[in-house]
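This report looks at a sheet, a loop residue and some ring contacts. Please keep the sequence and structure in view while reading.

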Amino acid sequence: MKLPGTEEYYIAYASFGTPLSDYVGDKNVKGCHREVCLEKVSFDAAGYIKKITPTHKGIQEAVTANVQVVYKAEAGGKVRAGNGAAQAEVTAYLTYQGTKTTITAVPDNGKVFDRWSDGVKTAARTDIGAKDTTVTAYFKNNTHAHAYTKSVTPATTKKDGKIVMKCACGHVKSTSVIPPIKSVKLSAETFTYNNKAKMPQVTVYDKNSRKVSAAYYSVTKPSGRKKIGTYKATVKLKGNYSGTVTKKFKIVPAGAKFTKVTAVKKGFTAKWKKKTGVSGYELQYSTSKKFTKAKIKKVKKAKAASQKITKLKAKKKYYVRIRTYKMVGKQKYVSSWSKPKTVRTK
C-alpha cells in the first residue's frame, strides 16, 4: 500500500513464525501464533522490491501521511488559496489531521457564491487533511438589486489613486484610476512692488496634463505679501487627492527711469528720478546693444539721483540702463532693467 501524499510503500502480511510456547510459557505446547506484520518496502536502482526480512519490531520510524485535496470552481468564478491568485483549480497537500488550509471561492462579476459540493455554505473554508478528496465551488447569478458605494483612494504627487463603485455583495460596477498630480503652477512668480498685496493664481495639473478642478484643493495665502521679499503659497490637496505642495513667489522693487543721459569727456552723466523703499541703484553700460561684456556701477545711496561714469573710450557710442535693488536681510532683490538709453562720449 502507498502512504497518501508520499512516495512511501508498505506491505502487510500474515506470519506464523512465533511458537505458541513463547506466549504461554510452556515449551511442550506445539504450534505457532498467527501475527499480522507491517514492513516498509524499499526499491533498488532498477525499481525492483528489495528482499523483506520479517521482524518483531515493526516500523520504528515516525510515519507522516499526507492527503491531497483538490478544490475546483464551476463556471462563474474561481478559487483562491490564502492570499494567492484566483484560479480555476487549486491542489493542496495536507498533513493527515494536521496542516490547515484556507480556500476561498471568488465569484466573477455578476455572480455570487452558492455552495461547495460537500455542503459547506461559506465562500471561505478552512480544512484539515482527512482524506484524499475533490470539492467543487458552485456559483449562481446575482439577482438582487445592487446598491453601490463609492470608495476613493486619493492620488498623491507620486502615486495613482482610484475610485471603486462596489456593492455590499461584492460586485464591482466600475474602477477608475485617478492620475497623480504632475505640477502646480503660479500665474506669475515675480511681482513689482506698489504697496498692494500680491497673490498669483494657482493651477494644478495631473499626470495627463489636465487641469484639476479647484474643488480638489485649497490655497493658503501668506501674510504680509505687500513688502519686497519672498513668499510661500501652500496648496493643500483634498477629495480625490492627498498631499501638500508649496510654491514660492517674490515681490521685487519698482524700476527707475533715466530723466537724462549726457555725454562728458570719455564718459557720461546719467540722471534719474529717485525711488522710495530701495537700497540703491545699478547702472549697466556697454558698447553693445545686447550688453555683452557690460560693466555695472553700483550706487549704494537710496537718495541718489545721478551718477557720472568716466574713463571710457572717447567718441564711442554706449548703451546705458538702470535698475533698483533692495536688501532684505542678506537677500538682494532687483527690479527689471529700464529701457536702454544711448550716448556718445566726447
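Over which ring does the charged end of Arg321 sit? In this predicted model, the charged end of Arg321 sits over the ring of Phe291, 3.9 Å from its centre. Lys185 lies over the face of Tyr205, 5.5 Å from the ring centre.

Two of the pairs are listed here.

| Pair | Centre to centre | Angle between planes | Type |
|---|---|---|---|
| Tyr71 and Trp116 | 6.1 Å | 80 degrees | edge-to-face |
| Phe268 and Tyr285 | 5.9 Å | 80 degrees | edge-to-face |

Tyr71 in strand β3 and Trp116 in strand β7 are 45 residues apart, and their pair links distant parts of the chain. Tyr71 is buried, with a relative accessible area of 0%, and Trp116 is buried at 1%. Ring pairs link Tyr71, Phe113, Trp116 and Phe139 into a cluster.

Phe268 lies in strand β20 and Tyr285 in strand β21, so their pair ties together parts 17 residues apart in sequence. Phe268 is buried, at 0% relative accessible area; Tyr285 counts as buried at 12%.

Next comes the sheet. Three strands form an open sheet in the order β10-β11-β12, with antiparallel pairing. Strands β10 and β12 stand at the edges with a single partner strand each, so one side of each has no neighbour in the sheet. β10 and β11 pair over six bridges, and Tyr148 stands opposite Cys167 in β11.

His144 lies in the loop between β9 and β10. His144 touches Cys167 and Cys169, and counts as partly exposed at 35% relative accessibility. The C-alpha atoms of His144 and Cys169 are 9.0 Å apart in space, while the two residues are 25 residues apart in sequence.

Terms used. Residues numbered from 1 in each chain as written. Predicted model: local features only at pLDDT ≥ 70, side-chain atom pairs only at ≥ 80, totals over all residues. Heavy atoms only, no water. Pairing = 2+ DSSP bridges. Helix = DSSP H or I, 4+ residues; strand = E, 2+ residues; numbered from the N terminus. Buried < 20%, exposed > 50% of the residue type's maximum accessible area, 1.4 Å probe, protein only. Contact = heavy atoms within 4.5 Å. Phe/Tyr/Trp six-rings, centres within 6.5 Å; stacked < 30°, edge-to-face > 60°. Lys NZ or Arg CZ within 6 Å of the ring centre and 35° of its normal. Lists of a residue's contacts leave out its neighbours within four places in sequence.
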